[in-house]
Amino acid sequence: MKFLIPIDGSPASEHALAKAITFAAPLQAEVVLLTVVEPLSSYVPEVMMPTGDWVGWHGLPDIELERKILNAGQSMLQKAQDTCDASQLQSRTRLETGQPRDVICHVAKEEKPDLLVLGSRGLGSVERLMLGSVSDYVLHNCTSPVMVVR
């Protein structure tokens, strides 16, 4: 049996990890921990110039900032893996880059977990409409069984 657990460092993802461990431990399931780091360009929006042209961030990559972001992602995964180790669960980690909702579905297609467990931030309907919801997208677009933990 295999569980896929996306981790983003939020209290919601920590709660999802704890819930997944309660299900996985008695089954001695394999746990795949996933953290998705968004590309730097997604943090800087395109802007419209006075000429009407849209200009995006195409500057030189900030290697040091990218390294720090990847290290932070690796630290989150290590903390989650330590939690799994404390419960005597076999786990492995994956650190991926991209849009979280798309990458989670892609990794689920590759890994073919028996259950994907992810947290929900509990956005209200207006916030969800404006910001989008990773858990809502994954629930409706992932081919694996999904459990959303609140």
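A: Start with the order of elements along the chain, which in this predicted model follows the pattern β-α-β-β-β-α-β-α-β-α-α-β, with five helices and seven strands in the protein. Buried residues make up 37% of the 150 residues, and among contacts between residues at least 6 apart in sequence, 74% join residues at least 24 apart.

Q: What span does helix 3 reach from its first C-alpha to its last, and what is expected?

A: A helix can be checked by setting its span against the value expected at 1.5 Å a residue. Helix 3, residues 100-111, has twelve residues and reaches 16 Å, close to the 16 Å expected, and the residue that follows it, Lys112, has a positive phi near 50°.

Q: Which residues of helix 3 are buried, and what covers them?

A: Buried here means under 20% relative accessible area, and in helix 3 this holds for Pro100, Val103, Ile104, Cys105, Val107, Ala108 and Glu111. Their cover includes strands 1 (2-6), 2 (30-37), 5 (91-97) and 6 (115-119), together with helix 5 (134-141).

Q: At what angle do helix 3 and helix 5 pack, and how far apart are their axes?

A: A helix pair is described by angle, axis distance and handedness. Helix 3 and helix 5 pack at about 35° with their axes 9 Å apart, in a right-handed crossing. Pro100, Arg101, Asp102, Ile104 and Cys105 of helix 3 make the contact with Val134, Tyr137, Val138 and Asn141 of helix 5, and by class this contact has six nonpolar, one polar and two charged residues.

Technical notes. Residues numbered from 1 in each chain as written. Predicted model: local features only at pLDDT ≥ 70, side-chain atom pairs only at ≥ 80, totals over all residues. Heavy atoms only, no water. Helix = DSSP H or I, 4+ residues; strand = E, 2+ residues; numbered from the N terminus. Buried < 20%, exposed > 50% of the residue type's maximum accessible area, 1.4 Å probe, protein only. Contact = heavy atoms within 4.5 Å. Axes fitted to C-alpha atoms, helices over the stretch in contact; angles between N-to-C directions. Left-handed = near helix turned anticlockwise from the far one by under 90°. Nonpolar A, V, L, I, M, F, W, Y, C, P; charged D, E, K, R; others polar.
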